Amino acid sequence: MVAALELYLDTDATRRIRVLWDALESEGVQSMRSLLEQRHRPHVSLAVATRFDPERVAAALRGTVVAAPLRLSFDHAGQFVGRVLWLGPTPTAELLTHHARVHERLAEAGIGLVEHYRPGRWVPHCTLSMRVPNALMAAAVRRCLEMLPLEATVVGAALTDHARGISHPLP
């Protein structure tokens with residue numbers, strides 16, 4: 001399992017993504033709804049590590065508003081190798097600058113991060129499923145496209161490590 005710095009979406013966007021999770025489940029695609037005893041929350045991860053020390057991360061980010069009220073426009077669906085399905089927000093200058101600022105603060109504190117979440121490599125996304133059967137991928141992507149575009153506002157942030165039961169809210 002991994003630890004992540006997650007950005008949470010407004011109530012309407014969260015509801016719409018949960019409806020999409022349900023639609024995927026009804027078509028035989030295990031969604032993020034099924035993971036973590038249904039405690040998983042729609043989000044965009046800014047940073048990922050194999051493990052975080054919440055106090056150290058909070059200290060590194062002191063003075064930074066991680067949950068900046070960013071507007072996100074989800075306008076595409078995608079997949080990563082390994083059958084991972086996701087919705088992607090437009091990577092605006094504001095979003096990429098915020099991401100880089102958070103990473104800069106974490107790097108200054110010597111906090112190790114997963115490489116593909118670093119600035120210049122990061123693909124902003126909201127994961128929908130981590131296990132789409134190959135035979136169902138095209139239908140799952142079509143289902144996603146039916147509900148786009150999706151406008152959202154970041155309303156919260158937390159450092160999470162579900163394997164260790166950690167959910168540490170961040171400003």
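Biologist: Which helix holds histidine 103?

Modeller: This is a predicted model, and the numbering runs from 1 along the chain. The helix in question spans residues 93-108, and histidine 103 falls within that range. The element is helix α3.

Biologist: Is histidine 103 buried or exposed?

Modeller: The relative accessibility of histidine 103 is 4%. Buried means under 20% relative accessible area. Histidine 103 therefore counts as buried.

Biologist: Which backbone oxygen lies 2.7 Å from a polar atom of the histidine 103 side chain?

Modeller: Leaving aside residues up to four places away in sequence, histidine 103 touches Leu46, Ala47, Leu113, Tyr117, Arg118 and Pro119. One of these residues, Leu46, also supplies the backbone oxygen at 2.7 Å. The oxygen belongs to leucine 46.

Biologist: How far apart are the closest N and O atoms in the salt bridge of arginine 15 with aspartate 12?

Modeller: Both residues lie in helix α1 (residues 11-26), three residues apart, which is about one turn of the helix. Arginine 15 is partly exposed, with a relative accessible area of 45%, and aspartate 12 is partly exposed at 39%. The closest N and O atoms are separated by 2.8 Å.

Biologist: How many salt bridges does the count come to?

Modeller: Among them are arginine 15 with aspartate 12, glutamate 25 with arginine 33, and arginine 118 with glutamate 115. The count comes to nine.

Biologist: Why are the buried residues of α4 placed on the same side of the helix?

Modeller: The buried residues of helix α4 (residues 137-146) are Met137, Ala140 and Cys144. They sit on the same side of α4 because the arc they cover around the axis is only 65°.

Biologist: Which exposed residues does the face of α4 turned away from its buried side carry?

Modeller: On the buried side, the cover includes α1, β3 (71-80), β4 (84-89) and β5 (126-129). The face turned away from that side carries the exposed residues Arg142 and Glu146.

Biologist: Which residues of the largest nonpolar core touch the most other members?

Modeller: The largest nonpolar core has 52 residues. Leucine 72 is one of those asked for, and beyond four places in sequence its contacts include Leu9, Val44, Pro89, Leu95 and Leu150.

Biologist: What radius of gyration does the chain have?

Modeller: The chain contains four helices and seven strands, in the order β-α-β-α-β-β-α-β-α-β-β from the N terminus. Buried residues make up 48% of its 171 residues. With 171 residues, a compact globule would have a radius of gyration near 16 Å, and the chain agrees, with 16 Å.

Notes:
Predicted model: local features only at pLDDT ≥ 70, side-chain atom pairs only at ≥ 80, totals over all residues. Heavy atoms only, no water. Helix = DSSP H or I, 4+ residues; strand = E, 2+ residues; numbered from the N terminus. Buried < 20%, exposed > 50% of the residue type's maximum accessible area, 1.4 Å probe, protein only. Polar contact = N/O pair within 3.5 Å; in protein donor to acceptor, adjacent residues only side chain to side chain. Contact = heavy atoms within 4.5 Å. Salt bridge = Lys/Arg side-chain N within 4 Å of Asp/Glu carboxyl O. Arc of directions from axis to C-beta. Core = buried A, V, L, I, M, F, W, Y, C linked by side-chain atoms within 4.5 Å. Rg over C-alpha atoms; globule rule 2.2 N^0.38 Å.
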